[in-house]
Amino acid sequence: MKKFGFWVFIGFLLVGKTAFAQQLENAATVAGQVKTPVVADSLDGWKFEGITGANFSQVSLTNWTAGGENSIAGNVFLKVSADYTKNRWAWDNDLGAEFGMTYSDENDWRKNLDKIALSSQLGYEINKKWFYAFLLDFNSQFAKGYDYTVDPDHYISAFMAPAYSNAALGISYKPHENYSFFLSPVTLRTTVVLDDSLATAGSYGMKDGNNFLMEPGAYFVAKAKQKIVKNVDLVSKLDMFTPYNSDFGNVDINWELLVSCKVNEFLNATLSTTLRYYDRESSRIQFKEMFGLGLSYKFAAK
């Protein structure tokens with residue numbers, strides 16, 4: 001797994017500028033031919049986009065010979081971006097949050113989705129596509145997470161346990177408003193475990209009962225927003241980190257993908273996936289998939 005993460009990381013560094021950037025540059029050329037009128041108001045330079053909603057599912061069985069159990073599931077989600085571009089400055093801000101629960105006759109209520117993610121990146125233009133940039137992000141969860149295979153009362157995570165924050169200085173390439181990548185050879189990652197019982201147990205790399213772990217390293221982030229066809233939008237984010245210590249080359253990977261399909265003004269179908277490898281969380285690749293049909297609202301302003 002260590003070799004896999006290392007070569008993925010190196011591969012992105014070597015071919016990202018030629019293969020990925022070339023395609024985006026072609027898209028930027030086309031987009032550059034379309035002139036956008038400038039509106040002189042309080043939002044001058046700002047662009048806001050987002051989608052929020054709730055998905056539900058329910059199963060009710062009465063004398064059902066095929067078997068099964070009654071269940072209810074629901075989740076709420078929010079994904080917002082606020083981007084500022086003016087003169088030689090570019091400031092990109094993202095917020096992602098989701099929380100879901102499921103209920104069954106046998107297992108009562110259990111959590112199935114939980115995420116808090118914040119990211120802010122400030123860039124100063126070198127030329128039309130390259131920026132000096134500083135990035136600060138934060139990732140955690142709202143509620144406790146349990147390992148039900150061991151003990152229904154045995155929790156393995158909680159709010160701020162763990163939480164990850166990266167403070168990174170580097171360069172950003174942004175050939176189009178919908179595509180960007182950020183590379184930092186100077187990054188400080190802070191892992192936080194504020195739950196003393198988890199910290200004392202050495203969870204998430206904590207040592208000697210400490211609640212904080214700081215590691216310098218290298219960080220890479222790629223983002224994309226794309227309209228696939230009419231009423232179908234895709235949002236993707238990939239981030240990778242490797243520390244400058246004995247674990248160098250062992251790359252933490254988190255890749256999120258959200259596909260949103262607008263059925264009508266308020267009804268929306270969403271598919272979200274997350275592929276994750278953090279060796280301090282699990283020695284195996286983690287994968288999460290959620291499909292939902294429910295109420296949603298998409299908004300934008302600039």
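Threonine 191 counts as buried, because its relative accessibility is 3% (buried means under 20% relative accessible area, exposed over 50%, and partly exposed in between, with a 1.4 Å probe and protein chains only). Threonine 191 belongs to strand β9, residues 179-192 (strands are DSSP runs of E with at least two residues, helices are runs of H or I with at least four, and both are numbered from the N terminus). Leaving aside residues up to four places away in sequence, threonine 191 touches Ala163, Tyr164, Tyr204, Met206, Asn211, Phe212 and Leu213, where contact means heavy atoms within 4.5 Å.

The model is predicted, so to speak of local features pLDDT of at least 70 is needed, side-chain atom pairs count only at pLDDT 80 or more, and totals for chains, interfaces and linings use all residues. Residues are numbered from 1 along each chain as its sequence is written, and side-chain values use heavy atoms, with hydrogens and water left out.

Turning to the whole protein, the secondary structure comes to 2 helices and 14 strands. Of its 302 residues, 39% count as buried. Among contacts with a separation of 6 or more, 55% are between residues 24 or more positions apart. The protein exposes about 17,300 Å², with carbon and sulfur atoms supplying 61% of that area (Shrake-Rupley method, 1.4 Å probe; for residues, only the protein chains shown count as cover).

Next come the charged pairs. A salt bridge is taken as a side-chain nitrogen of Lys or Arg within 4 Å of a carboxyl oxygen of Asp or Glu, and by this rule the count comes to 15. One of them joins the side chains of lysine 115 and glutamate 256, at 3.3 Å from N to O. Lysine 115 lies in strand β4 (residues 108-125) and glutamate 256 in strand β12 (residues 252-262), so this pair ties together parts 141 residues apart in sequence. Lysine 115 and glutamate 256 are both buried.

Glutamate 215 forms a salt bridge with arginine 280, with the closest N and O atoms 2.8 Å apart. This pair links distant parts of the chain, 65 residues apart: glutamate 215 sits in strand β10 (residues 212-229), and arginine 280 in the loop between β13 (267-277) and β14 (286-301). Glutamate 215 is buried at a relative accessible area of 7%, whereas arginine 280 is partly exposed at 33%.

Aspartate 233 and lysine 298 form a further salt bridge, their closest N and O atoms being 2.2 Å apart. Aspartate 233 is in strand β11 (residues 232-243) and lysine 298 in strand β14. Salt bridges that share partners also join Lys47, Glu49, Asp83, Glu177 and Lys225 into one network.
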